Every structure is written in structure tokens, then in C-alpha cells.
Amino acid sequence: MYRYLEAGSKYLAAVTAALGAASALIMTLALLAGVFCRYVLNSSLSWSDEIALLAFSWTVFLFASVLTREFGHVRVSIVVDALPGLPRHLLERGSVILILLFGGLMLWAGWQFTAFTAHQVSPALRYPLWLQGAAVPASGALIVFHALVLLFRPGSLGEHGGAVDE
């Protein structure tokens, strides 16, 4: 059973990383187009900043979920690295439980915020603002899923906080 969860998590992380990369590319192109038009053509684009902000939101939150799967978030590991076997294992699992709870909080609070902005639109492009806010609960759901897979992973989570090789 775990093997299927791990494969699903790995596939979902790959798709999420590809979407995050595409979002980062869109953000970069929108910013470059805005700068080019402003400084070369001496005319500003009304939409470039909104597209860049929307893409930035999705980029950050999509890659945050991928880092959860890879156990790659910034953390102070000096204590964990100094601990032997079982205490280290328990501290790593405790860390994953905290990540799981935080992902759940992101899912809940992000859903509330998205519902709050459901009838609002952006100033220039008039796209619904829930589209930008939806990055938070989507990331929260992905973080919860990846954290659950990590939590049930047999054995250690790996040396120096990295995921165990398959």
C-alpha cells in the first residue's frame, strides 16, 4: 500500500514542480515584458504586474509543497543530527506532524480567504481574485498529502533531513 502512496506522491510532486516552473516562467516573462515596454517603448502595460503577482503566488506555494515531499524546508538540524536512532526518528516524525498540521491550517485558512474573495476581481484584468488566493489551500492540500506519505514512510526519513532513496 505504501509503495502506491509513495509513487503517487512522487508523480504528484513532479507534476507540481512542472506547474511551478511554468508559473515561474510566466512570471518572468510578464515582468520582462513590463520592463521592456516601460523603458524601451516608453509605455507601460497595465496587466504585467497583475500577471506576475498571480504567477508568483502559485510559484511559491507549488514549490513549497514539493519541498515538503523532499523534506527540504529550512530547518535547524544540529540537534536532530546529534541524536541517535530512536530519538532522532521520533523528532523527525514530530517535525512531519507539525508540517502536516501547518498544511491543514493553510488548507482551512486559505479556503476561508478564497471564499472571502470569491466575488472580487483584479483592477486591470478583472480576473477573479479567488484564483490567486486558491494557491494557498491548494498548496495546503498538497502539503498534507506529502506529509502523510512522509509520516507513514517506513524507516528513517534519511540523512540530513533528505528523503530516503528508493
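Me: How many helices and how many strands are there in the chain?

Reply: The model is a predicted one. The chain holds six helices and zero strands. Read from the N terminus, the order of elements is therefore α-α-α-α-α-α.

Me: What radius of gyration does the chain have, and what would a compact globule of 166 residues have?

Reply: The chain has a radius of gyration of 19 Å, whereas a compact globule of 166 residues would have one near 15 Å.

Me: Which share of the residues counts as buried, and what does the accessible surface come to?

Reply: Of the 166 residues, 34% count as buried. The accessible surface of the chain is about 9900 Å², and carbon and sulfur atoms account for 75% of that area.

Me: Which share of the contacts joins residues at least 24 apart?

Reply: The contacts considered here are those between residues at least 6 apart in sequence, and 75% of them join residues at least 24 apart.

Me: How is a pair of packed helices described?

Reply: Two packed helices are described by the angle between their axes and by the distance between those axes. In this chain, one such case is helix α1 (residues 2-39) with helix α6 (residues 135-151): their axes come within 10 Å and cross at roughly 145°. The crossing of α1 past α6 is left-handed.

Me: Which residues make that contact, and how do they divide by class?

Reply: On the α1 side, the contact is made by Y2, L5, E6, G8, S9, L12, A13 and T16. On the α6 side, L142, F145, H146 and V149 take part. By class, the contact has seven nonpolar, four polar and one charged residues.

Me: Let us turn to single residues. Is G103 buried or exposed, and which residues does G103 touch?

Reply: A residue is called buried when its relative accessible area is under 20%. G103, found in helix α4 (residues 85-116), has a relative accessible area of 0% and so is buried. Leaving aside residues up to four places away in sequence, G103 touches G140, I143 and V144. As a further reading of its position, G103 and T68 are 35 residues apart in sequence, and their C-alpha atoms are 9.7 Å apart in space.

Me: Where is T117 found, and is T117 buried or exposed?

Reply: T117 is found in the loop between α4 and α5 (130-133). With a relative accessible area of 3%, T117 is buried. Not counting residues up to four places away in sequence, T117 touches L129 and W130.

Me: What phi does R126 have, and is R126 buried or exposed?

Reply: R126 lies in the loop between α4 and α5 and has a positive phi of about 65°, although R126 is not a glycine. Its relative accessible area is 54%, so R126 is exposed.

Me: What phi does N42 have, and where does N42 lie?

Reply: N42 has a positive phi of about 60° and, again, is not a glycine. N42 lies in the loop between α1 and α2 (48-69). The relative accessibility of N42 is 70%, and N42 therefore counts as exposed.

Me: Why does F56 count as partly exposed?

Reply: The partly exposed class lies between the buried limit of 20% and the exposed limit of 50%. F56, placed in helix α2, has 44% relative accessibility and so counts as partly exposed. F56 and Q132 are 76 residues apart along the chain, and their C-alpha atoms are separated by 9.3 Å.

Notes. Residues are numbered from 1 along each chain as its sequence is written. This is a predicted model: local features need pLDDT of at least 70, side-chain atom pairs count only at pLDDT 80 or more; totals for chains, interfaces and linings use all residues. Side-chain values use heavy atoms; hydrogens and water are left out. Axes are lines fitted to C-alpha atoms, for helices over the stretch in contact, and angles run from 0 to 180 degrees between N-to-C directions. Helices (H or I, at least four residues) and strands (E, at least two) are DSSP runs, numbered from the N terminus. A crossing is left-handed if the near helix is turned anticlockwise from the far one by less than a right angle, and right-handed if clockwise. Contact means heavy atoms within 4.5 Å. Ala, Val, Leu, Ile, Met, Phe, Trp, Tyr, Cys and Pro count as nonpolar, Asp, Glu, Lys and Arg as charged, and the others, Gly among them, as polar. The radius of gyration is taken over C-alpha atoms; the globule rule is 2.2 Å times the number of residues to the power 0.38. Buried means under 20% relative accessible area, exposed over 50%, partly exposed in between (1.4 Å probe, protein chains only). Accessible areas come from the Shrake-Rupley method with a 1.4 Å probe; for residues, only the protein chains shown count as cover.
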